[in-house]
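Please read it alongside the sequence and the model shown below.

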Amino acid sequence: SLDTTFLTMYYNEILNYRIFVSYYQTWLQQQQKKSVDEAIKLKFQAQSVDLQKRVDLQLEVANKTLQDLDELVFTYPLHIWLLLYQEKIMTFRDKHLSPTMTSFYSLSEKLQNVQTTD
């Protein structure tokens with residue numbers, strides 16, 4: 001699974017972001033109260049609502065990201081091993097199978113149309 005120091009750092013960053021968002025929402029609400037123009041009030045209110053929607057979605061996305069990273073930790077070594085295996089098979093094919101397979105392919109082409117359609 002993921003390293004605990006990484007998880008601590010990850011959640012600390014989320015916490016710092018949430019603190020900033022809380023401060024920014026408070027500032028938006030203060031600006032909304034100070035403003036006398038209705039259009040500006042609506043603008044600040046829309047920004048506050050949009051920010052709240054994003055914050056609500058953030059924890060869900062953060063948990064999904066951690067799940068994806070956890071899966072990557074397990075599957076990445078397998079992916080690298082498969083790439084190395086594929087490289088070895090291609091090397092074997094190019095060095096050892098090429099002379100043998102060429103003769104089989106040419107023989108196959110010659111024997112495919114031995115009879116005429118008449």
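Predicted model: local features only at pLDDT ≥ 70, side-chain atom pairs only at ≥ 80, totals over all residues.

The count of salt bridges comes to 2.

**Salt bridges**

- One of the salt bridges joins the side chains of R54 and D50, with an N to O distance of 3.3 Å.
- R54 and D50 are separated by about one helical turn, because they stand 4 residues apart in helix α2.
- R54 has a relative accessible area of 54% and is therefore exposed, the cut-off being over 50%.
- D50, at 36% relative accessibility, counts as partly exposed.
- A salt bridge also links the side chains of D68 and K64, at 3.2 Å from N to O.
- Helix α2 holds both D68 and K64, which are 4 residues apart, or about one turn of the helix.
- Relative accessibility is 36% for D68, which counts as partly exposed.
- K64 likewise counts as partly exposed, at 45% relative accessibility.

**Nonpolar core**

- The largest nonpolar core consists of 5 residues: L2, Y10, I14, A62 and L66.
- Helices α1 (4–34) and α2 (38–112) each contribute at least two residues to this core.
- In soluble globular proteins, nonpolar side chains tend to be buried together.
- Y10 has a relative accessibility of 18% and so counts as buried, the limit being under 20%.
- Leaving aside residues up to four places away in sequence, Y10 touches A62, T65 and L66.

- S48 is placed in helix α2.
- Its relative accessibility is 13%, so S48 counts as buried.
- When residues up to four places away in sequence are not counted, S48 touches Q25 and L28.
- L51 also lies in helix α2.
- L51 counts as buried because its relative accessibility is 13%.
- The contacts of L51, again without residues up to four places away in sequence, are Y17, V21, Y24 and Q25.
- Between L51 and V21 the C-alpha to C-alpha distance is 7.7 Å, although the two are 30 residues apart in sequence.

**Aromatic pairs**

- There are 6 aromatic pairs in the structure.
- Y10 and Y11 form an edge-to-face pair, because their ring planes lie at 75° and their ring centres are 5.8 Å apart.
- A pair of aromatic rings is described by the distance of the centres and the angle of the planes.
- F20, Y24, W27 and F44 are linked into a cluster by ring pairs.
- Y24, a member of this cluster, is also among the residues that L51 touches.

**Nonpolar surface patch**

- L72, Y76, I80, L83 and L84 make a nonpolar surface patch of about 450 Å².
- I80, one of the patch residues, is found in helix α2.
- With a relative accessible area of 31%, I80 is partly exposed.

Definitions and conventions. Residues numbered from 1 in each chain as written. Heavy atoms only, no water. Core = buried A, V, L, I, M, F, W, Y, C linked by side-chain atoms within 4.5 Å. Buried < 20%, exposed > 50% of the residue type's maximum accessible area, 1.4 Å probe, protein only. Contact = heavy atoms within 4.5 Å. Salt bridge = Lys/Arg side-chain N within 4 Å of Asp/Glu carboxyl O. Patch = residues over 30% accessible without salt bridge, like charges linked within 9 Å, V, L, I, M, F, W, Y side chains within 5 Å. Areas by Shrake-Rupley, 256 points an atom, 1.4 Å probe, with all protein chains shown as cover. Phe/Tyr/Trp six-rings, centres within 6.5 Å; stacked < 30°, edge-to-face > 60°.
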